[in-house]
Amino acid sequence: MRHPGIPKLLLLTGAIMLAGCTDTSSGEAKADAEPVPAAAQPDAPRPDYRLAILHINDHHSNLDESDASLRLRTGSDDTRATVTVKLGGFPRVATAITELAARHEHVLKLHAGDAITGTLYYTLSEGEADAALMNRVCFDAMAVGNHELDSGDAGLQTFIDHLWSAPDCRTPVLSANLAPRAGSPLGSDSVRPSVVVERGGERIGIVGLTTAAKTQNASRPDPGTRLLDEADSAQREIDRLRAQGIDKIVLLSHLGYAQDQAIAAQLSGVDVIVGGDSHSLLGDDSLKTFGLSPAGAYPTAAHNKDGDAVCVVQASQYSAVVGELDVLFDGQGEVKSCAGQPHILIGSTLGTLAGDALAAARADLASQPALRVTEPDAAASAVLADYASQVEAFGAEPVAVAQQNLCLRRVPGTRRDPSRSKLDGCNLDPHVIAHGGDVQQLVAEAFLRQGQRFGGADLSLQNGGGVRVDLAAGTVTVGHIYTVLPFKNTLVALSLTGAELRATLEDAMQSVVAGNTGSYPYAGALRWQVDLRQPLGQRIGALEHRNAQGQWVALDEAATYRMITNDFIAAGQDGYTTLGTLGADRREETFLAYADAFLQYARQNPTLTRPATADFSTQGFVDTE
């Protein structure tokens, strides 16, 4: 049963009057009933219907290709080597969607949200560059992601204006649970709850959905703009579409992979969920051979509230993957089967391999259908080149002035990395020797400030090795900021106890003692004494937290704190083992690029200086010898 109280046949054909057909009082057919005229006979059963859905999500203004590593076979046996390849980029997305669409008769092209924020392309153009590349594809619909509201209702409207500026493409922007405030710049028609598209004579309803709590609390919708309950909003819109006879429903969701599976079971009438937000790469276990970590199957099988099959998919992140879902509906509009493939888009150059090793690696790639060697679309590349030149010029734009040399130093003291700084005087600076790097501490303070803008933060944490260069006294440009923080890290909010914070710092010190200087921690609103001569678990002393009143108080090991950090150490990397054990319910991805967070801080604080000594995370340092 698809939907209680609304038989599917009636939804498709309307009420059919069959005079004298059945005696409803007895439930038995009347022997003398008149034959039903041919004109009143029900329509013949409809044939199966096949629909292809090509989709992306969470590209976060990542328009350029990037470097990635794959474990590829390089010999006749199973010998594998880590090979650097070019990954993704929106011109490759454009090529893949064009070529994949040509395989199918009926196609939908969908974007599951978080198109913007994350790179200089967005910082510079407020979504214009993203819109220009998206319009090369011309998506049939896009969901509102939480980051579409990072700059308030007006920021989302600006992006929509860019998206709708193309004369030949007007992608509907969808969210059934976004309720803009009265007088919002979004008006009444910029964001719609759903859209109906027709393919091959069949109507398909697409319902948008936005993660509510995260958007309300960690993005910046206008005061009065509300994010309503996801399941209630989705069901209300599904019911409205089905009452119009639309029996194929796609939920275009920005909730996350686990949440998509959970909401499927709460909804009647949904057939397909195309998701985003969690940046989940889906696929089979064979991808692990290549060094990839799928979060689940593509597609993932679920069931709706009526017990009918639901296909759940997602396509990773950052313009790197295009999902291809093939759904077969039966004549009643129910999912008969679904299959598909994530396409991880890579370039044809495989590191420095040559000869037999190159041939073996290419053969290995050919054996894995999820790895798709794809050439960038020429027209999309030309569009991107215009914005790339603007970004390059933007890199030269001054944003702040450093009042003094802001020195780099991973670990305080003189023994471990005395020549990390390239600025005169930094390596012998007594303050740097005593307390560590100025620039690392400033970055930690900047992350704390940005964390307080996105949902609140009690403290921040940054590994010293994630900060790469000094900032010399004088003008600081955008390019300098991105040289200080060159990686593709993003900020994550973690909830953890004071005891777990202490354990995290002890983890980092153990890594430093073992020789990894990049693990040394820097924090905002947290300070301590270090004695590396002590055993593991006793190297951090006098651990204090700067509270909301600006007072330094002893860290309460039983209390829970909200900490902003980068996604690398949040995953337990660089020796931060304790952070890697925290469950998904205790971590919230902001997907704000860590370099962009520092850039925003510099814009807001155009005079950069060494933080006050009392605010340095390391108040005292004793090395092992």
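How many salt bridges does a search of the whole structure find? The search finds 29, where a salt bridge is a side-chain nitrogen of Lys or Arg within 4 Å of a carboxyl oxygen of Asp or Glu. The legends below start with the whole chain and then visit some of its details.

This is a predicted model, in which local features need pLDDT of at least 70, side-chain atom pairs count only at pLDDT 80 or more, and totals for chains, interfaces and linings use all residues. Residues are numbered from 1 along each chain as its sequence is written, and side-chain values use heavy atoms, with hydrogens and water left out.

Figure 1. Look for 17 helices and 30 strands in the chain; helices (H or I, at least four residues) and strands (E, at least two) are DSSP runs, numbered from the N terminus. Along the principal axes, the C-alpha atoms fill a box of roughly 105 × 65 × 50 Å. Of the 625 residues, 56% count as buried. Here buried means under 20% relative accessible area, exposed means over 50%, and partly exposed lies in between (1.4 Å probe, protein chains only). A contact means heavy atoms within 4.5 Å. Among contacts with a separation of 6 or more, 75% come from residues 24 or more positions apart.

**Figure 2. E202 and R46, a salt bridge between distant parts of the chain.** The side chains of E202 and R46 meet with N and O 3.0 Å apart. E202 sits in strand β10 (residues 202-210), while R46 belongs to the loop between α1 (8-13) and β1 (49-56), and 156 residues separate the two. Is E202 buried or exposed? E202 is buried, with a relative accessible area of 15%, whereas R46 is partly exposed at 29%.

**Figure 3. R80 and its salt bridges with D78 and D364.** R80 forms a salt bridge with D78, where the closest N and O atoms are 3.7 Å apart. R80 also meets D364 in a salt bridge, with 2.7 Å from N to O. D364 lies in helix α9 (residues 355-366) and R80 in strand β3 (residues 80-87), so this pair ties together parts that are 284 residues apart in sequence. R80 counts as buried at 15% relative accessibility, and D364 is buried too, at 2%. Elsewhere, salt bridges that share partners join R46, E202, D247 and K248 into one network.

**Figure 4. T119 and S125, around helix α3.** T119 is in the loop between β4 (107-111) and α3, and S125 is in helix α3 itself (residues 120-125). T119 is buried, with 13% relative accessibility. Which residues does T119 touch, not counting residues up to four places away in sequence? They are H60, S61, N62 and Y482. S125 is buried as well, at 10%. From C-alpha to C-alpha, S125 and Y387 are 8.6 Å apart in space, although 262 residues apart in sequence.

**Figure 5. L423 and the residues it touches.** L423 is in the loop between β19 (398-402) and α11 (430-435). This leucine counts as buried, with a relative accessible area of 18%. Leaving out residues up to four places away in sequence, L423 touches N405, L406, D470, L471 and A472.

Figure 6. Most residues other than glycine have a negative phi, and most peptide bonds are trans. Y298 and P299 are joined by a cis peptide bond, with omega about -10°. P299 lies in the loop between β13 (272-275) and β14 (300-303). Where is E126 found? E126 is in the loop between α3 and α4 (128-137). The phi of E126 is positive, near 55°, and E126 is partly exposed at 47% relative accessibility. C138, in the loop between α4 and β5 (141-143), also has a positive phi, near 60°. C138 counts as partly exposed, at 23%.
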